[in-house]
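Subject: Structure for your review

Dear colleague,

Please find below the sequence and structure that I am handing over to you. A summary of the findings follows them.

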Amino acid sequence: MKVSELARCAEVTAETVRHYTREGLLHPKRDPENGYQLFAQADLERLRFIQRARTLGFSVAEINEILAHADQGDSPCPMVRDLLASRLPQIRNRIRELEALASRMEQALDAWAEMPDGTPDGHSLCRLIESFPEATHSHCSRAAEERQ
């Protein structure tokens with residue numbers, strides 16, 4: 001199969017196939033007559049595996065490591081479990097951070113609903129953002145305030 005055929009069969013773009021090939025995840029043969037990359041059925045299965053791993057949040061580098069273990073005949077499953085187990089708390093923390101961000105955005109939109117637009121005047125850049133309370137003051141801004 002050529003790049004476009006593999007992409008169509010795997011329901012990805014040709015650029016995705018080229019990217020994974022550049023990253024060393026796919027290893028096509030070369031047509032000796034025209035130099036085209038040629039992929040086998042095994043490459044299609046490998047590409048489908050890569051896509052499944054991506055949907056689980058694995059990075060290209062991690063997938064490369066997983067495939068390297070498998071290519072050497074070693075089971076990558078213990079590493080896969082460890083990677084997901086260590087990643088899950090990070091993902092849950094990121095979700096909490098994003099929920100907090102969404103809440104701040106909603107608060108800002110509510111507070112700004114009746115505020116007029118302003119133009120920068122040398123003292124103010126955007127009154128909407130400037131009206132929103134800071135989470136914390138940095139040491140530098142506190143020191144400047146104390147000097148005034």
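**Overall architecture**

From the N terminus on, the elements of the protein follow the order α-α-β-β-α-α-α-α-α. This amounts to 7 helices and 2 strands, where helices (H or I, at least four residues) and strands (E, at least two) are DSSP runs numbered from the N terminus.

Please note that this is a predicted model, in which local features need pLDDT of at least 70 and side-chain atom pairs count only at pLDDT 80 or more, while totals for chains, interfaces and linings use all residues. Residues are numbered from 1 along each chain as its sequence is written, and side-chain values use heavy atoms, with hydrogens and water left out.

**Dimensions and surface**

The C-alpha trace spans about 75 × 40 × 30 Å along its principal axes. The radius of gyration of the protein is 26 Å, whereas a compact globule of 148 residues would have one near 15 Å; the value is taken over C-alpha atoms, and the globule rule is 2.2 Å times the number of residues to the power 0.38.

Of the 148 residues, 22% are buried (buried means under 20% relative accessible area, exposed over 50%, and partly exposed in between, with a 1.4 Å probe and protein chains only). Among contacts with a separation of 6 or more, 45% join residues 24 or more positions apart, a contact being heavy atoms within 4.5 Å.

**Individual residues**

Glu11 is placed in the loop between α1 (3-10) and α2 (14-22). Its phi is near 60°, a positive value in a residue other than glycine. Most residues other than glycine have a negative phi. Glu11 counts as exposed because its relative accessible area is 75%.

Thr21, in helix α2, is buried, because its relative accessibility is 15%. Leaving aside neighbours within four places in sequence, Thr21 is in contact with Leu26, Pro28, Gln37 and Phe39.

Thr55 belongs to helix α3 (residues 41-55). With a relative accessible area of 68%, Thr55 is exposed. A polar atom of its side chain lies 2.6 Å from the backbone oxygen of Arg52. The C-alpha atoms of Thr55 and Gly73 are separated by 24 Å, the two residues being 18 residues apart along the chain.

Yours sincerely

Conventions. A polar contact is a pair of N or O atoms within 3.5 Å; within protein, one must be able to donate a hydrogen and the other to accept it, and residues adjacent in sequence count only if both atoms are side-chain atoms.
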